[in-house]
Structures are given as structure tokens and as C-alpha cells.
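Visitor: I'm new to reading protein structures. Could you show me how to go about it, one feature at a time?

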Amino acid sequence: MSEHPAVSGTPAANPVTPGSQASFGTYRRQPVSFVRRGTRLQGRRQQAWDEHAESFVVDVPRHVADTSVHPDYMFDATGEFGRSAPLVVEIGSGLGEAVVAAAETDPERNFLAVEVYRPGLANTLLRIGQRGLTNVRVVQANAPEVLGTMLPEGSVSELWVFFPDPWHKTKHHKRRLINGSFAQLAARVLEPGGLWRLATDWSGYAQQMRDVVSASPDFRNAHDGGRAGSDSPLTAAWASGVDCEPTGESDLVGGWAPRFEGRVLTSFENKALKAGRVIFDLTAVRA
């Protein structure tokens, strides 16, 4: 874990700041996409944290909350990893299944796992240690701050957001992570031609993701018009009614990517499949 330089002239904390989301439930006056959960570590997770945090947890200066990042701090990937290599960032890395498997399969790339829940990061450290990997780092931080200030512009080759909280109740849709504002942040960190990969098992959220990509001037859908009609996962969802009212309609828009082979079948996705849910993949290309 590389040490960050002291931030000089750090402003005094005040109630409305980029780091106040944990206490006040907002990020720059926008609702955040997560709720606070327990952070206590036990057993193997505590042991993994004790053994590997110094090497693999990015030590960031905080602003107000334990998931905030001081806006003056900028991540130095070359210094952190000790080499220059394409950087893949996963937002909401959960238990680390996807990012660790990808890092093991592709040692020529660097991977940064972003997660707000310490137990999930501890579990990721456990996986890193078990596989003896050196090309993964983890950070406990709020995603908009990571994309808005922590990562340098154009420094990321791929950005992954797999199965973010769907906030399926209509009154909670404002908390969904993927929206126009997030697209702007994603565009900021991705290099030209970089890929933004998305996946969800909720048809309504999938449509929102597709609309966000379509409306963004910074991205194009890599599979625009693809997998429409009977080949569309949305058509399948509308037929089954697994998470919506069954309409029997056909999705004539398409735009869905084939399943991303670099994403292993995680325990979360496997549960979704067993429940009969449909998986949606999207790939957007940074203009």
C-alpha cells in the first residue's frame, strides 16, 4: 500500500461536502446508491485484512466519512502497482469474485476494486492472498468520488459495473447508480476507445442503462441494434414476467452485448439465474 502525500491546506469539514454521504445520505446533493452496513470483520476476513491490507489496500486521505476521498488526492497507478499497464476498474466489486478471477487470468493488466463495504474488501484480499496475485488493489470509497477526482482523466482502459443495486421500487429509482451524471464521470476517467461494461438482472434497470448510454454524447453502444426481437433478453423478460408485468411484447431496439466472457459466474449471478432472472449485458465505447 503506497503512502499518499500529506494534503496541505486541508479545508475544515462542513455539513455539505463530497465526503458527507455517509452521514447525510447524499453526494453533492445527489442521493447515493448504497446504504450503510456493518463493517466489523471476523475470522478469516480479519486475518486477511491484517495480512494483506498494507500491500493491497489503497490508502486514501478522507474528507468526512470513511468512504470519502479528499478531492485533492489523485491515484498514481504506476507508483501503486510498480509498473505501467492498462488499468481496469470495477465499481461495486462485492466479494471480489469477478475482479480477482480476471486479474488471475490477465496478469498483464492492473485491476482496482472499488467497494464501500469493508467485509467485501476483506474477502477480496483473502482471494488475492490465496492466489498470490500482485496486480490487484482495493479501495474503500464512494464511486462518484473515485471517478470524479481520485482517478486521473483518461487513465482507465475498462470500467466495470456489474449488478449494481437495482433499487427496484419506483420511489427509489433516484438512488440508482447508473444515470446521466454517472455517465459523465465514467467518460472522464476512460481513455478514448475505452470500454464501459454493464450488467444487471433487472429488466427495468437494463432499459435505464441502455437509455443512459444512448443519450450520452461521450459513448456509443458497441452492439447498437444487436440482439433485438426474439434474441433480446428484454423480450424474454417481458414474456416470463420474472421481474415485471408479462406483456409478450418484442424488444425491437436491442443493443445488448453478448455475455462478457471476462466476468466469471459469481454466486450472486448464479442465484439470479436459479431464480429465473434474465441477465443483461451492455458495452459502451468511449468516443
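**Strands, helices and cores**

Guide: Let's start with a pair of strands: strand E3 (residues 87-91) pairs with E4 in the parallel sense over five bridges. Two strands pair if DSSP finds at least two bridges between them. Helices (H or I, at least four residues) and strands (E, at least two) are DSSP runs, numbered from the N terminus. This is a predicted model, where local features need pLDDT of at least 70, side-chain atom pairs count only at pLDDT 80 or more, and totals for chains, interfaces and linings use all residues. Residues are numbered from 1 along each chain as its sequence is written, and side-chain values use heavy atoms, with hydrogens and water left out.

Visitor: Which residue is the bridge partner of Val89 in E4?

Guide: That's Leu112. Right-handed means that, with the strands pointing away from the viewer, the path from the first strand over the helix to the second runs clockwise.

Visitor: What joins E4 to strand E5?

Guide: Five bridges do, and E4 and E5 (residues 136-140) run parallel. For instance, Phe111 has Val136 in E5 as its bridge partner. Here the chain crosses from E4 through helix H5 (residues 118-131) to E5, and this β-α-β crossover is right-handed.

Visitor: Are the faces of E4 covered or uncovered?

Guide: First, the word: buried means under 20% relative accessible area, exposed over 50%, partly exposed in between (1.4 Å probe, protein chains only). Both faces of E4 are covered, with Asn110, Leu112 and Val114 buried on one side and Phe111, Ala113 and Glu115 buried on the other.

Visitor: How many residues does the largest nonpolar core have?

Guide: A nonpolar core is a set of buried Ala, Val, Leu, Ile, Met, Phe, Trp, Tyr and Cys residues joined through side-chain atoms within 4.5 Å. The largest one here has 46 residues, and Leu112 and Trp196 are among those with the most contacts inside it. Helix H7 (residues 180-189) gives the largest share, six residues. A second, separate core has 28 residues, including Phe163 and Phe260.

Visitor: Why is helix H6 said to be largely enclosed?

Guide: Eight of the eight residues of H6 (residues 143-150) are buried, so the rest of the structure largely encloses this helix.

Visitor: Is Ser157 buried or exposed?

Guide: Ser157, in strand E6 (residues 156-162), counts as buried because its relative accessibility is 10%.
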